[in-house]
2 protein chains.
Amino acid sequence: MVEMNGHMEQTGFEVGVVVSKENTEDETNAISCMQVLVSELEKAGLIVESVYGMSDDFIKLAAPVESLGRAATELKLKKPTYVGMDLQFEWDQVAAFVRQPDGSLFSWCERFQCFHHLVYGIVNRTQSPITLRYDGKAFEWKSGESLLKKLETKGIVKRVFPLHDEAKRKWLLRNWALNWLDFSWQPIDEVYSYYGTKIGTYFAFLGMYTKWLSCPAAFGLTMHLVDFGSWQLLALPIFFIFTILWAALFLQFWKRKNAGLLTRWQISYSGESETVYKAVDTDRGSFFQPHEDAKQLRPGEKPKEGDKNFQSEEWFWRLMRFRNDVMVVMGIICLQLPFELAYAHYYEFAGSDITKFGLTAIYLLIIQYYTRVCGKISVKLIKHEHYKSVESRADSLVYKVFGLYFMQSYIGLFYHAIQYRNIASLRQVLIQRLIVSQVFENLLENSIPYLKYSYKKYKAVHKKKGESAVSTRKSLQLVFRVEKEYLKPSYCASVGEELEDGLFDDFLELALQFGLIMMFSCAFPLAFAFAGVNNLTEIRIDALKLLAILKRPIPRAAASIGAWLNIFQFLIVMSICTNCILLVCLYDEEGKWTIEPGLAAILIVEHLLLLLKFVFSHLVPEEPAWVRANRVKNAAQARDMCSKQLRSLYSMEKRRDE
Amino acid sequence: MVEMNGHMEQTGFEVGVVVSKENTEDETNAISCMQVLVSELEKAGLIVESVYGMSDDFIKLAAPVESLGRAATELKLKKPTYVGMDLQFEWDQVAAFVRQPDGSLFSWCERFQCFHHLVYGIVNRTQSPITLRYDGKAFEWKSGESLLKKLETKGIVKRVFPLHDEAKRKWLLRNWALNWLDFSWQPIDEVYSYYGTKIGTYFAFLGMYTKWLSCPAAFGLTMHLVDFGSWQLLALPIFFIFTILWAALFLQFWKRKNAGLLTRWQISYSGESETVYKAVDTDRGSFFQPHEDAKQLRPGEKPKEGDKNFQSEEWFWRLMRFRNDVMVVMGIICLQLPFELAYAHYYEFAGSDITKFGLTAIYLLIIQYYTRVCGKISVKLIKHEHYKSVESRADSLVYKVFGLYFMQSYIGLFYHAIQYRNIASLRQVLIQRLIVSQVFENLLENSIPYLKYSYKKYKAVHKKKGESAVSTRKSLQLVFRVEKEYLKPSYCASVGEELEDGLFDDFLELALQFGLIMMFSCAFPLAFAFAGVNNLTEIRIDALKLLAILKRPIPRAAASIGAWLNIFQFLIVMSICTNCILLVCLYDEEGKWTIEPGLAAILIVEHLLLLLKFVFSHLVPEEPAWVRANRVKNAAQARDMCSKQLRSLYSMEKRRDE
């Protein structure tokens, strides 16, 4: 431990750098780049530990809080202060900045940002290039060039990744993932400080959702067990109304809880994206800095109303986004919808089970391919859009891709319900989906990463064995924790790895489940109970996956569950409509109820218009770009002012002390 | 003009104080209270001009900017600065505060607040009571007592009211109210600086609404004039869809425009109620200071999550409000609805025109009474609620009272449309309503205040004549502008004078018109053209009313059109549903279309749930009270910090200058 300024704070080894092993033993006296790297990292103020693994070498990095503080000052990190405002971090004013709930100065997300800055900030500060040697070959490290970037392009440094903190990991494993006594309790604050805001928020949401589910689950169970006799037909609509009100209240209370969590975690979210969304992007280690509108203004310049630049640019980007959204929606409606309907139709008509099986196999193959292609297209489309932050970019992707999955998951069920009015078989399909797919998914979620890890480990060991067949068997096991961690798969999304991490899949699973139980609540009230039980295990399984099976994910600083909240809201509105259709099917089993085509058309127009009304409020932003730019500029000015004030206060105090 | 600090700024005579004339000519040497008042007002830094009117005496007040600045400092007025933050006004840092678009330091609303503070801030600063004399009777002005309050309770000072600025008034009259050349143009910035934010916003909204109306008006006119033949039945739904999209876009663009206006007027609205809502209440001159949650915290205390006080108080007030809303809604549904339906029903069945006329007379009598009683009840209910500001209190009243008028205006029309499916007669009623009521209302709006004014003038002159029958006829006309202004009626609402001013009636008229044209757009597309023409005159008539016929209203500092925006949104959603019903009636003239009662019930449940879903998001606040309190406290701290910084900057500069 390093002691300075009365602080005794130091991180554990939280970041690892993977360096390829040299194949040839070099006997010359030229400096190896591993040595250079280690000494440079030490010079940057990091605490370094080298580990010579089986197939690769590793450098483990820890940092005294002073180094992190220096990096944060250079990064101009904004942090909440006791003044009540987010200010740029200054190491000499450290006492003014609010500490995390666990007592540390920086959150994990900020720490990782600082580590990243320190590691990639190592440049050749001499005037002349330095010659480095690797595998017998020499290359030049030019003046002003980043060492890490150079080594990455040469393929020498394979990856910079966050390491697990063994003590905290074990504590979480014991108290969270493997805590089978109290199902509903989660150490959310600890999860937040270990994994960052986004994952902390996910588990808080999952936990609250699971708790709230107990209510409709109990109701649904009663509906299933008790025979209401002639009241049965009245019980269903009551259950339907109850679930809708329940869901609306749940989301509203979640927003409250979210606001509370952010305040507890010292994250100010009201102050626009500029303070919140500063995310480190994926494993590749590149930073997406938020693109601020205010940047387009030179200092002292004031945005004017009706500034043509602002106006036209704002509308251009909005139109681009609108065009892309239309493309995605058209793609889903024109390509996916007929395909899904065709599958559902032929499946009904297929005589033998073998045909059905074959049909399903073909369907799964095509839909898999289609989903992947569409995901790729969506990612490409989004790259041409213009967003204020990585998080809003990710949100846009989420909307687009969710459309796809929405069609895929529900259209077959609808077809079934409306075409055949066969509630019993619909119920069967729902049970299949709920049990089979959720259990199956949970298994896959954990087993596939584990198998991947095992294979990688086997390969690494095998490769080593081939090279040095002489050495004893015993040494041919992985002994270093850091090497094991490197071989573990990373937490990534099945779609658009660049923009989202594994949370996408977890949230998608949750949203599809929510849609399933809500949209068909009249057909199958028991679904809530299934979902509740499933989510209880889901919490533990997701926790286990993150703690034991995967690399520690790169922290993301999003303040809310983002796009998913809107998706949940949309699913509630949808479920009002679908349950009404289901009720019609239930009450009118013989299909006696007729509806005039004119009336049907008017009803469809009505629902479309109601939908459009609420789409419109998202289409046209409430605040023109120049107003926003003005506001951001004002906030920045006020922050500067406060920083000055802080500095003068501290210098005054120092003078007084002297 | 008074010159100080290089500023040559001074207001015109903007505030008038009305003092009762003494009946007996007093010959003793004791000081009269009029003299005391004048000298005290002069001591307070105001520029005073006494006017001896016919039935009352008047004191006209102007203020050099320095006096206003001093008052603003004492009031701790928050004003936007060039630093980018709203700070407490300090007279010695005047250069740091952003000026109004017209170059003055204070807006009219701020000026009036300062005047008010100066006038009511006159207290007896001596240790002993001062004896004043009025009408031969003496009374004591106690130490520390406000002179104006004392005189008001004694009935000597009748009123403190804002005066018109003759030059500006004439300019506005010429360029705005009587500018018949360019119908669509309004000098919004000048209106804002003369009347304050709320009235400025109203006219901006009215202007934009009128301009946007031209589009559906043209479409509606085409629909009316061109015979589409067999396409006629298709044209209506297209027109319907068009109007809905038009209305949704209009409101969205209005929000943008509103944000733009506020930025131009240097009003920061994002920073919660505390900066924006500082309204001076009605003519009585009492101030409603915003009740802030943060007040409940002692300095240094931090609100804790789950603080039971915060939690229970928040929910208690919310429940109270909910109970009140439920009471109002139940009152409307259980009392008004049957009554309206009964009237509509009997009106149809009434044989002769005389019966109809009698029925309408009784109806109007009862409904007038009912509305007034309900308005009073609403005002009473709201007094038991707990709001952050006068504006949100007024909004709550607006919602409650609008419910009343909504039922009153539309339920008869609905009954007509649905029961008799007689579109032609519905159209007739709509024309009647649009033309007769709007023309009638416009006439009333201007003539009633004018008649009131004339009557008051006559009475004042007559009284004088009775007293001094000897004096010549010529002197028996009102010669002083200030006396004429005092006799003019004030701009007040027909309901709840304490909470709203005349804008309530103007907005109500606008909202009812919007509802009428939107909700029945399929039955009568021409209505948009009528409304457009009406609004063009409405702008001028409202302007004329404010400029020529009424007292200058007390400025209100609301940042938006408040509750009315939500009411317009609600009307759009309603109009989607009503137009669908109208379309059904139109296409199904013979009533052949049947609908199963089960299906009808399900459709009603669906619509109710969709409504409830969106009511819920207003019912449960997104932010718990403790989070909000925390935020407000933080903002206040940051502001203090910035103020200190500003002061130190200025003192440094001063030192440098020395």
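In this predicted model, the contact between the two chains draws 58 residues from chain A and 58 residues from chain B. On the side of chain A that touches chain B, the elements giving two or more residues are helix 8 (232-264), helix 17 (563-587), helix 18 (597-619) and helix 19 (625-657) of chain A. Helix 8 of chain A supplies the largest share of that side, 14 residues. By class, the side of chain A that touches chain B holds 33 nonpolar, 12 polar and 13 charged residues.

**Relation between the chains**

- Chain A is superposed on chain B by a rotation of 180 degrees with 0.0 Å of shift along the axis, at an RMSD of 0.1 Å. This is the relation of a two-fold axis.
- Of the interface residues of chain A, 100% are also interface residues in chain B, so the copies meet through the same surface.

**Helix 8 of chain A against helix 18 of chain B**

- The axes of helix 8 of chain A and helix 18 (residues 597-619) of chain B come within 9 Å and cross at roughly 20 degrees. Because angles under 35 degrees count as roughly parallel, helix 8 of chain A is roughly parallel to helix 18 of chain B.
- The crossing of helix 8 of chain A and helix 18 of chain B is right-handed.
- Helix 8 of chain A contributes Pro237(A), Ile241(A), Ile244(A), Leu245(A), Ala248(A), Leu249(A) and Gln252(A) to this contact. Helix 18 of chain B contributes Val605(B), Leu609(B), Leu612(B), Lys613(B), Phe616(B) and Ser617(B).
- The residues of the contact of helix 8 of chain A with helix 18 of chain B comprise 10 nonpolar, two polar and one charged.

**Helix 18 of chain A against helix 8 of chain B**

- Helix 18 of chain A packs on helix 8 (residues 232-264) of chain B at an angle of about 20 degrees, and their axes are 9 Å apart. These two helices are therefore roughly parallel to each other.
- Helix 18 of chain A and helix 8 of chain B form a right-handed crossing.
- From helix 18 of chain A, the residues in contact are Val605(A), Leu609(A), Leu612(A), Lys613(A), Phe616(A) and Ser617(A). They meet Pro237(B), Ile241(B), Ile244(B), Leu245(B), Ala248(B), Leu249(B) and Gln252(B) in helix 8 of chain B.
- This contact of helix 18 of chain A with helix 8 of chain B divides into 10 nonpolar, two polar and one charged residues.

**Packing within chain B**

- Helix 12 (residues 390-420) and helix 17 (residues 563-587) of chain B have axes that come within 12 Å and cross at roughly 15 degrees. Helix 12 of chain B and helix 17 of chain B are therefore roughly parallel to each other, and their crossing is right-handed.
- Asp395(B), Val398(B), Tyr399(B), Phe402(B), Ala417(B) and Ile418(B) of helix 12 meet Ala563(B), Trp564(B), Ile567(B), Ile581(B), Leu582(B) and Cys585(B) of helix 17.
- The contact of helix 12 of chain B with helix 17 of chain B has 11 nonpolar residues, no polar residues and one charged residue.

**Annotated transmembrane regions of chain A**

- An unreviewed UniProt entry places the feature "transmembrane region" at residues 202-225, 231-254, 326-345, 357-375, 396-418, 510-536, 557-587 and 599-620 of chain A.
- Residues 326-345 of chain A are 100% helix and 0% strand, and the end C-alpha atoms of this span lie 27 Å apart.
- Residues 510-536 of chain A are 74% helix and 0% strand, with end C-alpha atoms 12 Å apart.

Technical notes:
Residues numbered from 1 in each chain as written. Chains lettered and ligands numbered in written order. Predicted model: local features only at pLDDT ≥ 70, side-chain atom pairs only at ≥ 80, totals over all residues. UniProt positions renumbered as here; feature names shortened; annotations may be inferred. Helix = DSSP H or I, 4+ residues; strand = E, 2+ residues; numbered from the N terminus. Least-squares fit on C-alpha atoms with pLDDT ≥ 70 in both. Contact = placed C-beta atoms within 7 Å. Nonpolar A, V, L, I, M, F, W, Y, C, P; charged D, E, K, R; others polar. Axes fitted to C-alpha atoms, helices over the stretch in contact; angles between N-to-C directions. Parallel < 35°, antiparallel > 145°, perpendicular 65-115°, else oblique. Left-handed = near helix turned anticlockwise from the far one by under 90°.
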